[in-house]
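Colleague: I would like to learn how to read helix packing and a ligand site. Can we take a case and go step by step?

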Amino acid sequence: MSNSDTKSVWQQYRSVSIVYRIGVAFVLGSILGLVVGQPATALKPIGDLFVRLLKMLIVPIVVFTLLMGVRQLSPSSLGRVGLQAVGLYAVTSALAVAIGLGVSNFISPGSRGLEQLLAQAEARSTEAPNAVEVVLNIVPTNPLGAMAEGNVLPTIFFVVVFGLGLSLVWEETDDEAVRSGIETFFDLADAGAEAMYKVVWGVMEFGVIGVFALMANVFGKAGVDAILPFALLIGTMLVAAVVHIGVVYLGGLVVGFAGRSPFAFLSGSRDAMVTALSIRSSSGTLPVTMSDADENLGIEERIYGFSLPLGATINMDGTAMYQGVAAIFAANIMGVSLSLADQFAVVAVAVLASIGTAGVPGSGLIMLTLVLTQLGFPLEIVGLVAGVDPILDRIRTMVNVTGDLAVTTVVAKWNSAVDFTAEAWNDGVVPSIAD
Ligand code: ASP
């Protein structure tokens, strides 16, 4: 093969989106494991290397990306509308994780064929703390110690508090040197976050081989029984998404708070939902989400112009919900059950970390590293679920943008900034419930 042939094969390979390459690696690795059986487990060290690379990213990702998220959250720049939106975003995200946990506790997606796949010895060596300890442990006594030890929740907590402190000082101080120092600090975090995303994609490139090796190992050990849990994981996520959209968005926000028909809302939000499903990025969907808010749902720009870009950055209900689903999936595989305190910690990590999750394809998978670390579970699980992530990511992203629109509708109603005579509200299959 000539040099230019090699180059063009490589270019063709690179032109396929990384998530699809990982999907193919997932399938090929699984087939290898099924065909070869036990000897395929020899590939495990390659999978372990991928897992180490993921671990390396955790603390820097939290620090840089959360600082970037918090930069947008200073109370006075948000104002009343902003605080209403942020409040609803936080509450709906917490409910999403709870629904994810509830539905998957019910289905136990990982317990049919993969249970005890990862030796319990790899799991938590110590007894899980009780609920009071989990809450107390959110606050680090030594922030740098928490970072050095990779303790996720205290690190997140400190970064959020520190970031808010920086924003407040920036607003209040007259000292130009301090102001510009803070701006430089945030700019550095911005640069650091960009650099970390680059590294993440580099690690994901290696993840193609890593996921291949991990799946060969899983199917080499567990055989054909390992197929069902992955199908169940997708099914669980779908059920949780339908429950969340139906109960929280349609029942709670649209009918409860805005007093409108759920069908009208869905018909007005349709374009954004379909776009999110197809492109797997809430930031990428933003122009469509905005046009749905404006043209179909009759929301004024002064509300959606602020709440939708903010939502695309900090509001990730589908992503947060997935953390709950994946946590139970992981617990099933480990053959352990999550205590209530653990599940509370999952909610806290998912809600806080979603502030810093970027609305780009696959970012929810990186966030899963935080939740698994918090629970003391092996990050190998990220590699296992990465293969089906192209499907899960679609469901997550669709929930993410639907949540942004539902919250924006309510905030607009609260601020008399929505025209309920607009097209979608009247075109709905069912007439509006209230005016
Ligand atoms: N792709 C999602 C989004 O853009 C984030 C995720 O991976 O969960 O909203």
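Modeller: Start with one contact. Val152, Leu153 and Ile156 in H7 meet Ala345, Ala348, Val349, Leu352 and Ala353 in H14. By class, that contact has 8 nonpolar, no polar and no charged residues. Keep in mind that this is a predicted model.

Colleague: How is such a pair of helices described?

Modeller: Two packed helices are described by the angle between their axes and the distance between the axes. Here, helix H7 spans residues 152–172 and helix H14 spans residues 340–353. Their axes come within 10 Å and cross at roughly 35°.

Colleague: Is the crossing of H7 and H14 left-handed or right-handed?

Modeller: Left-handed.

Colleague: At what angle do H10 and H17 pack?

Modeller: About 145°, with the axes 8 Å apart. H10 covers residues 262–279, and H17 covers residues 389–414. The crossing of H10 and H17 is right-handed.

Colleague: Which residues in H10 and H17 meet?

Modeller: From H10, they include Phe265, Ala272, Met273 and Leu277. Their partners in H17 include Arg394, Met398, Val401 and Leu405. By class, the contact of H10 with H17 has 9 nonpolar, 5 polar and 1 charged residues.

Colleague: Now the ligand. Which of the 15 residues around the ligand come nearest?

Modeller: Ser282, Thr319, Gly364, Asp393 and Arg396.

Colleague: Which polar side-chain atom lies 2.8 Å from an oxygen atom of the ligand?

Modeller: One of asparagine 400. Backbone atoms take part too. A backbone N or O atom of serine 363 lies 3.0 Å from a ligand oxygen. For a polar backbone atom of glycine 359, the distance to an oxygen atom of the ligand is 3.2 Å.

Colleague: How much of the ligand's accessible area does the protein cover?

Modeller: The protein covers 100% of the 270 Å² that the ligand has on its own.

Key:
Residues are numbered from 1 along each chain as its sequence is written. This is a predicted model: local features need pLDDT of at least 70, side-chain atom pairs count only at pLDDT 80 or more; totals for chains, interfaces and linings use all residues. Side-chain values use heavy atoms; hydrogens and water are left out. Axes are lines fitted to C-alpha atoms, for helices over the stretch in contact, and angles run from 0 to 180 degrees between N-to-C directions. Helices (H or I, at least four residues) and strands (E, at least two) are DSSP runs, numbered from the N terminus. A crossing is left-handed if the near helix is turned anticlockwise from the far one by less than a right angle, and right-handed if clockwise. Contact means heavy atoms within 4.5 Å. Ala, Val, Leu, Ile, Met, Phe, Trp, Tyr, Cys and Pro count as nonpolar, Asp, Glu, Lys and Arg as charged, and the others, Gly among them, as polar. A residue is near a molecule or strand if one of its heavy atoms lies within 4 Å of it. A polar contact is a pair of N or O atoms within 3.5 Å; within protein, one must be able to donate a hydrogen and the other to accept it, and residues adjacent in sequence count only if both atoms are side-chain atoms. Accessible areas come from the Shrake-Rupley method with a 1.4 Å probe; for residues, only the protein chains shown count as cover.
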